[in-house]
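Dear colleague,

I am passing on to you the structure that we spoke about, together with some notes on what turned up in it. Please have the view open while you read, as the notes go from one part to the next.

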Amino acid sequence: MTLLDQDGVRVTVDGPVATVTLCRAEKRNAQTFATWRALAAAGRALPGTVRVAVLTAEGPSFSAGLDRRAFTPDGLPGEPSFAELARLDDASLDEVIAGYQEAFTWWRRNDIVTVASVRGHAIGAGFQLALACDLRVCADDVEFAMRETSLGLVPDLGGTSPLVALVGYARALEMCATGRSVRAEEADRVGLANLVVPAADLESATADLVGALLAPPRDAVVETKALLRSAVDADPDAQRAAERAAQARRLRDLLGTED
């Protein structure tokens, strides 16, 4: 059953499993603000019978990040440019970025387990989307990178908290500050990937993990996930608010716009 198919996002449900597919393969699944609205709608549309949500993508790349047109003076068609965003007052800009973050936040809710099935490039917003999920199954051609700092920006889509939780503060800082690529062997070694498999086996390995996640009683998995999440010290809401505030400062500094 197809629940949603819009703006490069398709959501299908088969019993207890939902599959969210990025389907702009011709653009390496580059994300737009419309993509984020569709992803947020996907989370709201999932029926209560869903236990596992799989995030995947068409084509050889998971997601090359934010559509480069967003960084041009005119921005994305029909969307506010960065210059227009930078001219918003603090409360309005915070609200806009919070809306974008909604596409990345529902993946950690306690009633479902989410699995990112990642191949090829997962850059910037693509990396943060993979980090939004509970688990990551990666092809051996995967390439993660947090490139926001090279653009004078900060990661502001909820990715900083899970990245630090997975790899630690020092390694997360080094990855973000340099924007370097993290490939499959390192992703496996430092905990970014739960499993690395040959690219040809990615779909079957993801299916095997989904089957294992569905085997225990649902309530036990839900309660276990809640317990494990509560064990993490950082408050995600406070972390995302900090990301929004930092991005607002970066936008204004980059574009020379005063508060």
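A question to begin with: which residue in β9 is the bridge partner of Phe144? Please keep in mind, while you look for it, that this is a predicted model. The partner of Phe144 is Val182, and the two strands concerned, β8 with residues 143-145 and β9, run antiparallel and are joined by two bridges. They belong to an open sheet of three strands, in the order β6-β8-β9, in which the pairing is mixed. Because β6 (121-123) and β9 (182-183) each have a single partner strand, they stand at the edges, and one side of each is left without a neighbour in the sheet.

Helix α4, which covers residues 125-132, lies across β6 and β8 and runs at about 95° to β6. This helix is mostly covered, with eight of its eight residues buried; among them are Phe127, Gln128 and Leu131.

The overall picture

The secondary structure of the protein chain comes to ten helices and ten strands. The C-alpha trace spans about 55 × 40 × 35 Å along its principal axes. For 259 residues a compact globule would have a radius of gyration near 18 Å, and the 18 Å found for the protein chain agrees with that. Of those 259 residues, 51% count as buried. Among contacts with a separation of 6 or more, 72% are accounted for by residues 24 or more positions apart.

The seven-stranded sheet

Besides the sheet described above, seven strands form an open sheet in the order β1-β2-β3-β4-β5-β7-β10, and here too the pairing is mixed. Its edge strands are β1 and β10 (195-197), each of which pairs on one side only. On average, and with direction ignored, neighbouring strands of this sheet are turned by 15° against each other.

Strand β1 (residues 2-6) pairs with β2 in the antiparallel sense over four bridges, and Gln6 stands opposite Val9 in β2. Two residues lie between these strands in their hairpin, and Asp7 in the turn has a positive phi of about 50°. Strand β2 is then joined by six bridges to β3 (residues 17-22), again with the two running antiparallel, and the bridge partner of Thr12 in β3 is Thr19. The hairpin of β2 and β3 likewise has two residues between its strands, with Gly15 in the turn showing a positive phi of about 60°.

Helix α1 (residues 33-45) lies across β1, β2 and β3 and runs at about 170° to β1, whereas helix α8 (residues 202-214) lies across β3, β4, β5, β7 (135-139) and β10, running at about 160° to β7.

The interior

In soluble globular proteins, nonpolar side chains tend to be buried together. In this model the largest nonpolar core has 62 residues, and those with the most contacts inside it include Trp36, Trp107, Phe144 and Leu163. A second, separate core of 14 residues includes Val54, Val113, Leu135 and Val221. As for Leu163, once its neighbours within four places in sequence are left aside, its contacts include Phe127 and Leu131, both of which are buried residues of α4; Met146, Met175 and Leu192 are also among the residues it touches.

With best wishes

Key
Residues numbered from 1 in each chain as written. Predicted model: local features only at pLDDT ≥ 70, side-chain atom pairs only at ≥ 80, totals over all residues. Heavy atoms only, no water. Pairing = 2+ DSSP bridges. Contact = heavy atoms within 4.5 Å. Axes fitted to C-alpha atoms, helices over the stretch in contact; angles between N-to-C directions. Core = buried A, V, L, I, M, F, W, Y, C linked by side-chain atoms within 4.5 Å. Buried < 20%, exposed > 50% of the residue type's maximum accessible area, 1.4 Å probe, protein only. Rg over C-alpha atoms; globule rule 2.2 N^0.38 Å.
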